[in-house]
Amino acid sequence: MTSLALTRDRIARVRPGPALAALLIAAFLLLFLVVPVVQVIFVAFQDKTTGAFTLVNFADFFQNDLFMRSFWNSFYVSAMSVVVASLLALPLAYLTTRFEFRGAVLIQSLGIIPLIMPPFIGAVAMQLLFGRNGSVNLLLRDHFGFSIPFMEGLNGVIFVQSIHYFPFILINLSASLRNIDRAMEESAQNLGCHGFRLFRRIVFPLAMPGYVAGASLVFIKVFDDLGTPLLLNVNDMLAPQAYLRISSIGIADPMGYVISVVLIACSLLALWVSALAMRGKDYATVQRGGGGLAKRRLKPLEMVAAYGIVLLILVLVLAPHVGLGLLSFATIWSFSPVPDAFTLKHYQTVFTESGQYITNTLLYASLAALLDVVIGTAIAYLVLRTKLPGRQWLDYIAMAALAVPGVVLGIGYLRSFYDVPMPFTGQPLSNFWLILVFALAIRRLPYALRACTAALQQVSSSLEEAAENLGATKLRTVGRIVVPLMSGGILAGFVTSFATAAVELSATIMLVHSQSDAPLAYGLYVYMQSAAGRGPGAALGIFAVIIVGLGTYLSHVVIERGRRERGQDH
Amino acid sequence: MNHQFSDQRFSSAALAAQIQSVGVDIEGVNLSYGSNHVLKDVNLAIKPGEFFAFLGPSGCGKTTLLRLIAGFNTAQRGEVRISGRDISTLPPHRRDVGMVFQSYALWPHMTVRRNVAFGLEERRVPRAEIERRVDAALDLVGLRHLADRRPSQLSGGQQQRVALARTVVIEPKILLLDEPLSNLDAKLRVQMRQELLSLQRKLGLTTIFVTHDQEEANTICDRIAVMEDGKVQQVGTPQDLYDHPANLFVAGFLGTANVLDGAVQNDGAGGRVFVGDGVTPVALPPTVGAGGAGGKLMFRPQNLMIRADGGPPAAGHARLTGTIRHREFLGASIRYAVDVGGQLVQVDAPHQAGDALLAPDAPIILDLAADKARLLHP
């Protein structure tokens, strides 16, 4: 009886407004995330002709040499990318958190520059700079008689991916190093510990959760990435295989689905391992007046070494940008360290034939980002401020999108919506451009949701209670108090979603039905397929970099302003 | 939950036997952060085995001075000596000065036992001895049963004890406590300070205690250095400081002080008197007043006596006349705020059941014991 009374009580306390919002969001997530992904998993276990449950598809996968090689290649490339990214990130994180170092500003920008250019955009340019007959190797061969296989096969993917993704490790590791209370270190010194032992016994274990978080993110990103291997023409990896199976054999072929399930399983495994490694280790230890580890000045020789390392990494990080810039102005660039001559012709080409790529991108990315912040704000509010039963599940499901690679979502959409005819036109729903927007929105939702949740957490609930106490309804309170106070976080979430959605390729490439509906990333991929298209492709890439760069800059400005307004700028 | 330190005579005696009480001398210490002069010519002599407090408001330099002794700050001038040896140039890890941090600074990735063992491991103490001494230290603070917990699984008071055990287990030469009670709730704070005192007495460990709470310092410390603005204002026993404050800051920081503005004059008979509005001349002892005509008269609320009868002042007393402004009923006594010549003076009247209270705005006559009043400078 008590349990029944309890349920009745809980039902009575549910207000219709939040419940309706929750239902709408649940329906959206169900339709555009859960159903497509479940569909993919379902088909992977289905007999192609009879539709009965079977494990034959998986047996085929594991007996196929190409697939097994792709599997190990994906694994190897991801693991090595983590290693190389760590080698780039560790010295930088250590320099900024342990030393009074003027180059710290430089390092901060190092943490952003790679992120404003998706790896696949710079991949071709990197080939021209670091490839077998690229600038660096031409010079090395001419002057020293040897070359370095930076870009040979899998090396190229590892090289491009680690340059792009090392900021994830840098940012997470620096944050957790900064979060170590100085007293943690001082108490160890006080008890007789110093030097490397201090680092090994206290600093390193306390910074470990940040490192694991960053490293697992890099692993998943690289494992799932489709664009970079495709553009570098490395096809024996899992994501390209999934794409090629579906695009060349068709959506009925079960192998694409099996590979999708393997991709999801590996993403989940990586997330699980990192969660396991971090369990019970939320070591945010800074207390009042704590303020991070003790810093010291660099000695002159150390200073030279520090600048050496920072500049070397800066050169590497800027290489794709510089290469892309050169390529976009080059007439011919082949077998020579720099292009033969320069021209504006490629930009002209882009303007005349590819205007629709850019306008499509702006439309899709802004719609997707708008959806993300609306849903993100609503979920954050439902979770933190209402007692709605099951509200936590909205958060869980939205975050689960993290573990779904773009290729898988694309395949899922094709499978789920191809047979659904559109009203009036009768075209398959999966060909409708809005589907692309939904895919982008689902892909970026986890990031927007975290930004909105963080923003709402900073709004004290007593501010709302004060408004209600003075006679505002719940809805008016949300509109007049909560959303304005969250606006910084919401805007930052919007811009981040926009900037990353603008250059998403994995899901896009599966869902683009016609050239006229295609966004920039797809156009770039098409251009880069031919030698003649490289110039215009690079020019289009420059546009992508500008869009993402502007977006990132704007979100930075917005976040900084919000921080200043809240008086945290000291 | 037993909050008493367990009285394991064996373990604490064993620890105490190892500890040789040493003195700390601080001489001419000056420390600046850029143009911010934080410590100004600090001189202190802390005796072996003493429980000593640095007391002052926040920003007075007390924590900076403590961290200087631990080696986390470097003075531009001056030195710190432990049993006569200058340690100013030693790095923190070689000082053998145990410090308990305000935040406790327990390492979250280690169990209680590993936290406490840490300092011994750093000293390359044999494994078996480490286990034995860690057990003894945990017994000392009554937490051996929680040895395998993580710090995050302990209450604030328990974390405090672990931090203490972690520090005393290395048998440091001196013990530094940085506001150790500030993170505890009021009830636990009162209890912990007695436990700290009994631990310190058991171990005979020279201890320096930083606090901004005069009650904390008064109740457990042998001597107190009152600090303000980077300077040591006065050093003495709690009673010394209360009864004979060296200046107005010390008088006001410890207890309630009445301060009257006025002037010092010769009384024509070779002595000096304090004259002010609403008060008859107060005879000053011959030793004071060397500072010229300036200075203010300081006395405590209990130095005043209400003269309801209105008779002549008693021998050795000055007479204050004024108006009651407001009153606070404190139970054992009633505190009246009295306007004397435009300045507010607090007076405490003992209270018994049935006593009538004096009404605000009523005139009042007070007698001040002249020998309890002091002429002070800022």
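Me: In which strand of chain B does B:Phe329 lie?
Reply: This is a predicted model, in which local features need pLDDT of at least 70, side-chain atom pairs count only at pLDDT 80 or more, and totals for chains, interfaces and linings use all residues. Residues are numbered from 1 along each chain as its sequence is written, while chains are lettered from A and ligands numbered from 1 in the order in which they are written. Helices (H or I, at least four residues) and strands (E, at least two) are DSSP runs numbered from the N terminus. On that basis, B:Phe329 belongs to residues 317-329 of chain B, strand β17.

Me: Is B:Phe329 buried or exposed?
Reply: A residue is buried if 20 or more other C-beta atoms lie within 10 Å of its own, exposed if 12 or fewer, and partly exposed in between, with C-beta atoms placed from the backbone. B:Phe329 has 9 other C-beta atoms within 10 Å, and is therefore exposed.

Me: What distance separates the C-alpha atoms of B:Phe329 and B:His317?
Reply: B:Phe329 lies in strand β17. B:His317 and B:Phe329 are 12 residues apart along the chain, and their C-alpha atoms are separated by 26 Å.

Me: Which strands are the edge strands of the open sheet of six strands in chain B?
Reply: The order in this open sheet is β6-β7-β8-β3-β9-β10, with mixed pairing. Two strands pair if DSSP finds at least two bridges between them. The strands that each pair on one side only are β6 (97-100) and β10 (231-236) of chain B.

Me: Which residue of β10(B) stands opposite B:Val226?
Reply: Strand β9 (residues 223-228) of chain B is joined to β10(B) by five bridges, and the two run antiparallel. The residue of β10(B) opposite B:Val226 is B:Gln234.

Me: Where is B:Asp96, and is this residue buried or partly exposed?
Reply: Most residues other than glycine have a negative phi. B:Asp96, although not a glycine, has a positive phi of about 60°. Its place is in the loop between β5 (85-86) and β6 of chain B. With 19 other C-beta atoms within 10 Å, B:Asp96 is partly exposed.

Me: How many other C-beta atoms lie within 10 Å of B:Glu179?
Reply: B:Glu179 is not a glycine, yet has a positive phi of about 40°. It lies in the loop between β7 (174-178) and α6 (186-203) of chain B. B:Glu179 is buried, and the number of other C-beta atoms within 10 Å is 20.

Me: Are α4(A) and α8(A) roughly parallel or oblique to each other?
Reply: Axes are lines fitted to C-alpha atoms, for helices over the stretch in contact, and angles run from 0 to 180 degrees between N-to-C directions. Helix α4 (residues 65-98) and helix α8 (residues 154-178) of chain A pack at about 40°, with their axes 6 Å apart. Angles under 35 degrees count as roughly parallel, over 145 as roughly antiparallel, 65 to 115 as roughly perpendicular and the rest as oblique. The two helices are therefore oblique.
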